[in-house]
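Let's take a quick tour of a protein model, one topic at a time. Keep the 3D view open and click along as you read.

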Amino acid sequence: MTTQVLICDDSAMARKQMARVLPADWDISLTFATNGVEGLEAIKAGKGEVVFLDLTMPVMDGYQVLKTVQELDLPALIVVVSGDIQHQAYQKVKALGAVDFVQKPVSTDALQHILQEYGIYHRCDVASAFDAPEIKVNLRDACQEVANVAMGRAADLLAKLLDVYVPLPIPAVNVLEVSELTMALKATENSRQISALCQGFIGPGIAGEALLLFHDSSFDDMAKLMNISHPDSSQAEIEVMVDTGNVLIGAFLNGISDQLNISFSQNHPVILGRHCTANELIHDNAEKWQRTLAMEINYQIKDHNIQCDLLLLFTEDSLPALSSKLGYLTHTEGESL
């Protein structure tokens with residue numbers, strides 16, 4: 001009997017990757033949803049007997065979908081597929097009724113294990129049991145999904161080191177001029193005072209700088225979590241920034257390099273500015289950046305007054321190499337960011 005399968009993810013690249021690892025001879029009817037609201041409508045319409053569900057989505061996220069399915073007792077076997085690999089995220093989705101949790105990008109082995117464990121794979125006699133709807137992936141979407149996976153790895157490392165939970169936002173990815181950079185930054189909201197650390201990186205055909213924009217109001221709580229004595233001292237603030245930067249920047253770049261099959265070398269971190277606004281920071285360093293691909297992730301720590309922005313700025317010269325690598329992942333060679 002044909003199984004109704006739903007893939008619910010806001011990323012076209014993630015939907016395409018998920019559909020690609022499904023067994024070609026699985027007797028299913030496949031439906032896609034781009035957010036939680038669409039996903040719930042599909043489940044209510046009987047199109048989601050088995051659901052592969054992302055967590056970080058606009059309109060309605062995966063947690064809200066799980067809660068609603070549980071409250072309404074909807075007939076759906078839900079497997080969470082997410083870049084958020086924190087242990088607390090796993091515990092939370094299991095408590096909300098998810099039968100399993102798979103890390104992005106999904107491997108064929110991980111999927112086969114789940115299909116076998118829950119007995120939901122029913123082979124069809126024909127060579128190809130289902131036709132996946134066509135998915136067009138633009139390179140900006142692909143770049144955002146790569147950033148999403150890398151973001152989750154960085155948050156997981158920070159969560160393990162500090163024994164906390166780090167809620168994950170949807171990463172912002174834009175190609176923009178340096179004059180537009182301050183308008184794109186979440187750190188500019190309310191003109192908050194920030195301190196910033198900068199670390200350069202370089203790989204084959206790809207180079208840029210990572211900025212950690214640390215909200216000044218976050219220093220005390222972060223220093224306490226790191227067991228740093230005299231948290232109000234100047235040296236302690238620098239230590240907090242450097243240690244946080246080492247975790248987030250290193251893990252984020254490793255996440256990108258694993259997905260794009262490249263390696264990065266990193267320079268030593270440099271304090272770029274202290275107790276200033278984001279506008280002042282960008283203005284004082286404008287000559288370092290021209291047109292750039294910017295990835296921005298706003299990290300916060302639950303139950304603590306801690307907020308920082310991780311911003312990756314790729315040089316304009318890096319865009320062709322990035323487009324080529326992303327095009328290989330999405331089978332859209334020839335497009336540009």
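Start with the rings: the structure holds 5 aromatic pairs. Here, rings of Phe, Tyr and Trp (its six-membered ring) pair if their centres lie within 6.5 Å, and the planes make the pair stacked when under 30 degrees apart, edge-to-face when over 60, and tilted for the rest. Bear in mind that this is a predicted model, where local features need pLDDT of at least 70, side-chain atom pairs count only at pLDDT 80 or more, and totals for chains, interfaces and linings use all residues. Residues are numbered from 1 along each chain as its sequence is written, and side-chain values use heavy atoms, with hydrogens and water left out.

**Rings**

- A pair of aromatic rings is described by the distance of the centres and the angle of the planes.
- Trp26 and Tyr121 make an edge-to-face pair, with 6.3 Å from centre to centre and 80° between the planes.
- This pair links distant parts of the chain, 95 residues apart: Trp26 sits in the loop between α1 (12–21) and β2 (28–33), and Tyr121 in the loop between α5 (108–118) and α6 (139–162).
- Those element names come from DSSP runs, numbered from the N terminus: helices are H or I with at least four residues, and strands are E with at least two.
- Are the two partners buried or exposed? Trp26 counts as buried because its relative accessibility is 0%, while Tyr121, at 31%, counts as partly exposed.
- The cut-offs for those words are under 20% relative accessible area for buried, over 50% for exposed, and in between for partly exposed (1.4 Å probe, protein chains only).
- Elsewhere, ring pairs join Phe201, Phe264 and Phe314 into a cluster.
- Lys92 lies over the face of Tyr63, 4.3 Å from the ring centre. A charge sits over a ring if NZ of Lys or CZ of Arg is within 6 Å of the ring centre and within 35 degrees of the ring normal.

**Empty space**

- Rolling a probe the size of a water molecule over the atoms shows where empty space is left.
- On a 1 Å grid over the protein atoms alone, a cavity is a set of points where a 1.4 Å probe fits but cannot get out, and a pocket is an open set with protein on both sides within 12 Å along at least five of seven lines; lining residues have an atom within 4 Å of a point.
- Grid points are joined across faces, edges and corners, and a volume is the space filled by probe spheres set on the points.
- The largest pocket holds about 180 Å³ of space, and its lining includes Tyr63 and Lys92, along with Asp61, Asp84 and Tyr165.
- That pocket lining divides into 8 nonpolar, 1 polar and 3 charged residues. Ala, Val, Leu, Ile, Met, Phe, Trp, Tyr, Cys and Pro count as nonpolar, Asp, Glu, Lys and Arg as charged, and the others, Gly among them, as polar.
- How many cavities of 30 Å³ or more turn up in the whole structure? The search finds 1, and the largest cavity has about 110 Å³ of space.
- Of the 14 residues lining the largest cavity, Ala14, Met18, Val81, Lys104 and Val106 are the closest to its centre.
- β1 (3–8), α1 and β3 (50–53) each give two or more residues to this lining, and α1 has the largest share, with 3 residues.
- The cavity lining divides into 9 nonpolar, 1 polar and 4 charged residues.

- Most residues other than glycine have a negative phi, and most peptide bonds are trans.
- The peptide bond from Lys104 to Pro105 is cis, with omega near -15°; Pro105 is in the loop between β5 (100–103) and α5.
- Asp73 has a positive phi, near 55°, and lies in the loop between α3 (62–72) and β4 (77–82). Asp73 counts as exposed because its relative accessibility is 65%.
- His275 is not a glycine either, and has a positive phi of about 55°. His275 belongs to strand β10 (residues 270–276) and is partly exposed, at 37%.

**Cysteines**

- The whole structure has 0 disulfides, a disulfide being a pair of cysteine sulfur atoms within 2.5 Å.
- Cys198 is buried at 5% relative accessible area, and Cys276 is buried at 11%.
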